[in-house]
Each structure stands twice: as C-alpha cells, then as structure tokens.
Amino acid sequence: MGRYPPSDINQPRRGDNSIHPVTIDSSSAAQSGGVGGGRGYRTTSRNYQRNQPFKSWFPWLIPSFFIANVALFIITMYVNNCPKNSINCVADFLGRFSFQPMKENPLLGPSSTSLDKMGAQQVSKVVDGHQGWRLITAIWLHAGVFHLLANMLSLLFIGIRLEQEFGFVRIGLLYLISGFGGNVLSALFIKDSIAVGASGALFGLLGAMLSELLTNWTIYANKLAALLTLLLIIVINLAVGILPHVDNYAHIGGFTTGFLLGFVLLMRPQFGWVSPKNVPPGYVRSSKPKYKMYQIILLVAALILSIVGFSVGLVMLFRGVNGNDHCSWCHYLSCIPTSKWKCNTEPTYCMSTQNANELILTCDGNGKNQTYPFPSATESQIKGLCLELCS
C-alpha cells in the first residue's frame, strides 16, 4: 500500500479557525458589565468569536495495534521454526526465526502451515470446521516482512491522524469491523488458499476518510482538491490489488465497509452550530440544528446497508456459497491475467516416500522429485517441502 494523507487531505477546515458572528442579548450584556469596560450593547450589535477547534485525542490505540502486529509476526516466526521443517532457509543465522525459502515465500516470512496454525483465514475451516474466529485473527497475521512493513507504515500514516481527530473508540471499531468485512468478502471468492493481513482494515480507514469528507462537506475549504486527491489515492491502491497473490477482495470489502461506517461514526456537527455548554452568558445561540438533513439521511442509509450486507454475506458464507458461481467476471477484480503472469493457482500435491533416514517427494504438477534428509517427516514438513518443490 502507498502512504495516505491525513484525513483532512492537508486542506484547511473552516470550523477550526473561522470567525463568525454571534448575536448578544443587550440586557444580559449590560448586567454582566459587557466586554467593553462595562458599557452596554444595543440590541442590534454583534460580537465576533473565534470558533474552538475540534478536540484532539492522544493516539495510543493505533500504536498498540502496530505493536500487536509486530509481536504476532515474531511469534509466528518462532512457531514456524524453518530449520526444523525445511531446508535452504533464508537468513539461517537467525536460527528458528529464519525465513522460508524464497521459492516458497518471497515475502520473507513463515510457511502457510504456520500461518494456518496461528489462525489464518481458510474457508474450509471457517465453514466446515465452524472456526469463524479466523475472520478476526487473520487481520493480525502477515505473510512476511515486506507484507508487514507495507501494512504497518500505512497504519501509522492513516490511523494516528484519524485517532487524533475522532478518538480511539470510533477508529478502533472502524479498523476491526472493516477488517472483518474484508475477510468475509474474501472468503466468498477465495476458497482454496489461506489469507492473512491487515489490508482490509486499512482500506476500511481509507474508505472512512472518503465518507467523512462527504458527510462533513461543509467544514472543508478546498473541497474539490481534497476529494480528487483522496480518490486518486484510492484508485491507485485498488489498482495494485489486481496483481497476482494480492487479495483485492479483502481490499474492496474492507473499503466498502469502512465507507459505510464512516457515515455512521465520523459525522461532525455542521459549521456554525455551537454546543450549549460552550456558550458564554449573554450570547444568543444560533437556531441551526446540530446536523444537516443530508447527514442524517446518509447515516440511516449507510447503517441499513451495513446490516443487510453483513447479514447476507455471512449467510452465504456459512451456507458454502461460492461467489464465483454467481459472478463470472468478479475474478478480474482481484487479478487480471497478462503475458507476464497467470491468475489461476492450482492446488499443490506431492507423492511422498519415507525411507529410514530420508524423505522422497515428487510433485504431481511439474514432475520434479527430490530427496530430503528427514527421518520420520511430519505432515507439516511434507507440506512445506512440497510447496517449495512445486513452486
């Protein structure tokens, strides 16, 4: 993922530093001594007050998410223990924290078997094994160092600014629900491989930035520039998802979930509305309502669509529905085949022969065979070696 701008797209907001008139009641001002040395104001006089900026929150949740993701990656590498289960490990000086061979995992990370043990999304286990919790745990796992680095940099650039503006509760809910929504859509279309990563949650934050811009339209000064900048970033990041081995379904599902939730969770009072507790004595508040009608309509519509979408998606998933059977072109959303790469990933199978002190594997796909010095190889070892041999 690329770096994302802060949620205001570096554009000034009118509500932060604008000056607007507030009518003053003459009798109240006179009794309190007024502002001008005890002199009363006429009923038609007006005073100008600087609007207070929105409350800024101290960001602690997003850095905590960052630490949790890094810690879980280290734990996954410890569980992986490449020297025990494979050969030709990358950076073998790291011992059990060394990486799987590049042919098996070019992202510098663990094997798919280790990710599965840690709770990766695998549709067969989610549906048939009734392990729905994998739709949540997969958000916290990453396939390699490069995968982790890209997602965590994006998390810091997007998440910290959003948490400063909207607080840890709303941004935490956005992150988790968007990640869950992304995994639900991914599970409907990707049936034969595991999926991990925080990309769906991060795209949810990006989608929420767009809906926040739309629902709080009146507080932005350079509206068109902010909108075009954000749309360009969204298009570029979604375009990256059409490359092979990138789960763009999770990106699209997370983005859509975050976009809808942004109308619900990130709505601000309209410009010119003043909270009663912030009005000094003698000031006559504006009669403006707290929210505009279009904000209320967007909130209700987004809430209904979110509930319906999650309900339909979960019912389809746990009934074993394959989304590809109902959408013949949807596979192009995640990968577009070219002369440089193919999108179809065939299941990997190997024939194994275990001798006294060695394991002989033959890949069904390409016919390659190799002998490994593994007496009494475990199922996990055979899977990892088979994947490497067939790559």
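**Aromatic pairs and helix packing in the predicted model**

Phe65, Trp140 and Tyr175 are linked into a cluster by ring pairs. Here, rings of Phe, Tyr and Trp (its six-membered ring) pair if their centres lie within 6.5 Å, with planes under 30 degrees apart counted as stacked, over 60 as edge-to-face and the rest as tilted. The model is predicted, so local features need pLDDT of at least 70 and side-chain atom pairs count only at pLDDT 80 or more, while totals for chains, interfaces and linings use all residues. Residues are numbered from 1 along each chain as its sequence is written, and side-chain values use heavy atoms, with hydrogens and water left out.

By the pairing rule, the count is nine aromatic pairs. One of them joins phenylalanine 189 and tyrosine 249, whose ring centres are 4.7 Å apart with planes at 10°, so this pair is stacked. Because phenylalanine 189 belongs to helix 9 (residues 168-189) and tyrosine 249 to helix 12 (residues 248-265), the pair ties together parts that are 60 residues apart in sequence. Helices (H or I, at least four residues) are DSSP runs, numbered from the N terminus. Both partners can also be placed by accessibility, where buried means under 20% relative accessible area, exposed over 50%, and partly exposed in between (1.4 Å probe, protein chains only). Phenylalanine 189 is buried at 15% relative accessibility, and tyrosine 249 is buried at 5%.

A further stacked pair is formed by phenylalanine 255 and phenylalanine 259, with ring centres 6.3 Å apart and planes at 10°. These two residues are four residues apart in helix 12, so about one helical turn separates them. Phenylalanine 255 is buried, with a relative accessible area of 14%, whereas phenylalanine 259 is partly exposed at 22%.

An aromatic ring also meets a charge: the charged end of arginine 96 sits over the ring of tyrosine 78, 3.7 Å from its centre. A charge sits over a ring if NZ of Lys or CZ of Arg is within 6 Å of the ring centre and within 35 degrees of the ring normal.

Attention now turns to helix 11. The 18 residues of helix 11 (residues 223-240) should span 26 Å at 1.5 Å a residue, which agrees with the 26 Å between its end C-alpha atoms; the expected span is 1.5 Å times one less than the number of residues. Buried residues in helix 11 are Ala226, Leu227, Leu230, Ile233, Ile234 and Asn237. Viewed down the axis, the buried residues fall within an arc of 135°, so they line one face of helix 11; the arc is that of the directions from the helix axis to the C-beta atoms. Leu224, Leu232 and Val235 are exposed on the other side of helix 11. The buried residues of helix 11 pack against helix 10 (199-215) and helix 12, where contact means heavy atoms within 4.5 Å.

The loop between helix 10 and helix 11 holds asparagine 216, which is buried with a relative accessible area of 2%. Leaving aside neighbours within four places in sequence, asparagine 216 is in contact with Leu266, Met267, Arg268, Tyr294 and Gln295.

Alanine 195 is found in the loop between helix 9 and helix 10 and is buried, with a relative accessible area of 11%. Not counting residues up to four places away in sequence, alanine 195 touches Ala120, Gln121, Ala138, Ser186 and Asp247. Alanine 195 and valine 246 are 51 residues apart in sequence and 9.4 Å apart in space, C-alpha to C-alpha.
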